Amino acid sequence: MRKAMTEIVGNRTLCERLTQDIEQDSLSHAYIIEGANGSGRKTLALTVAAALACENRHSATHTLPCMKCNSCRRIFERKTPDIIFVKDESKATVGVDAIRSICETVRIVPNDFDDKFYIIENADKMTPEAQNAFLLTLEEPPPFVHFFLICNSADHFLETVRSRAITLRMQRLTDAQIKDFICANDTRASQMNLSSPGELAEIIKASHGGIGQAIAFLDRDTWQPIRERRELIRSFLQKAISSAPTPETVSLLLKFSSKRDMLCEELSLLAVAIRDLIAVKNADSPHLEFYCDANEAIELSDKTSLSYLYKLYESIDTAICESEKNANVRLMMIKLAINASLL
Ligand SMILES: [Zn+2]
């Protein structure tokens, strides 16, 4: 019987396809793995690496990878020089230096296994210069090298990079799939499901379909700022929608971050929440991206008109575009307040 690669939750088709590639020895030397943060992209790359290196690869009684042999363990614990993570946390981009270090080491034969694996994190942050510097190596690496380019969106790559790799897209999981998985695998989740199910629902909603993200949010310190951000957005929308313009609404708006990157994230999430409010007006039971409780969204949405929600949405969209163009952040927020008739 054909043996299937261990399934990454919710990504059966992807895993079946990779199993076939492994079995037929037709694995590509480069994959772009596209998906949200915490959607299992690195786990997928490590699973493929382990499937190739597993000591029980040809045993019919073991899963693929077996996750128990020495090779599997070394790969998942990242205790082998043959798994090379390329990332630069200190920079917003992946530059030529990082790529040069790959090109310089790529011909060194693997140490522990028959193959070696480069996992490039935030690969879509590669500058065009870095992508160009990477092209030759990406096109014809030594036969024992596999590249995994981890990214949010493959659209950010130059066409020349995209055409040299196979793009795999991680499936976005439903809230129920995430809940089932984390409650079965993490005691913090199962306990929270008993003590404060509402908060667990918030965590799952905030993880936008990524199991890894949801697990990260089970840590109180990681969750706290995200939770505060969600509360600020809720309070702002409550005020902006249910009352006449008051200084209080504007003062809530000024509580949004004064740091550009952070502000863009906050405004994007605010736009997502408004899309929910528009969606509940337009459809019977739409999928909501921000609100856990559909009734909360319906109640709030009922207090205003569709045209005001569109106006608010457009004002925020304009603010996001302006902040990306380096507009003065404070002025931009005041303009947003005026555009949205909050003043
Ligand atoms: Zn194994």
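Residues are numbered from 1 along each chain as its sequence is written. In this predicted model, local features need pLDDT of at least 70 and side-chain atom pairs count only at pLDDT 80 or more, while totals for chains, interfaces and linings use all residues.

The protein is divided into domain 1 (12-169), domain 2 (174-218) and domain 3 (221-339), with bounds that come from an automatic or database domain assignment. The centres of domain 2 and domain 3, taken over C-alpha atoms, are separated by 24 Å. Seven residues of domain 2 are in contact with seven residues of domain 3, contact being defined by C-beta atoms, placed from the backbone, that lie within 7 Å. On the side of domain 2 that touches domain 3, the elements giving two or more residues are α9 (197-206) and α10 (211-217). Helices (H or I, at least four residues) and strands (E, at least two) are DSSP runs, numbered from the N terminus. The most is given by α9, with five residues. By class, this side of domain 2 has five nonpolar, no polar and two charged residues; Ala, Val, Leu, Ile, Met, Phe, Trp, Tyr, Cys and Pro count as nonpolar, Asp, Glu, Lys and Arg as charged, and the others, Gly among them, as polar.

An open sheet of five strands has the order β2-β3-β4-β1-β5, with parallel pairing; two strands pair if DSSP finds at least two bridges between them. Its edge strands, β2 (83-86) and β5 (166-169), each pair on one side only. Four bridges join β2 to the parallel strand β3 (residues 116-120), and F85 stands opposite I119 in β3.

Helix α4 (residues 96-105) packs against helix α5 (residues 128-139) at an angle of about 10°, with the axes 8 Å apart. Axes are lines fitted to C-alpha atoms, for helices over the stretch in contact, and angles run from 0 to 180 degrees between N-to-C directions. The two helices, α4 and α5, are therefore roughly parallel to each other (angles under 35 degrees count as roughly parallel, over 145 as roughly antiparallel, 65 to 115 as roughly perpendicular and the rest as oblique). In this packing, V96, A98, I99, R100, I102 and C103 of α4 meet E129, A130, A133, F134 and T137 of α5.

Helix α11 (residues 220-242) and helix α13 (residues 260-282) pack at about 55°, with their axes 10 Å apart, which makes α11 oblique to α13. R229, I233 and L237 in α11 meet E266, L269, L270 and A273 in α13.

Technical notes:
Contact = placed C-beta atoms within 7 Å.
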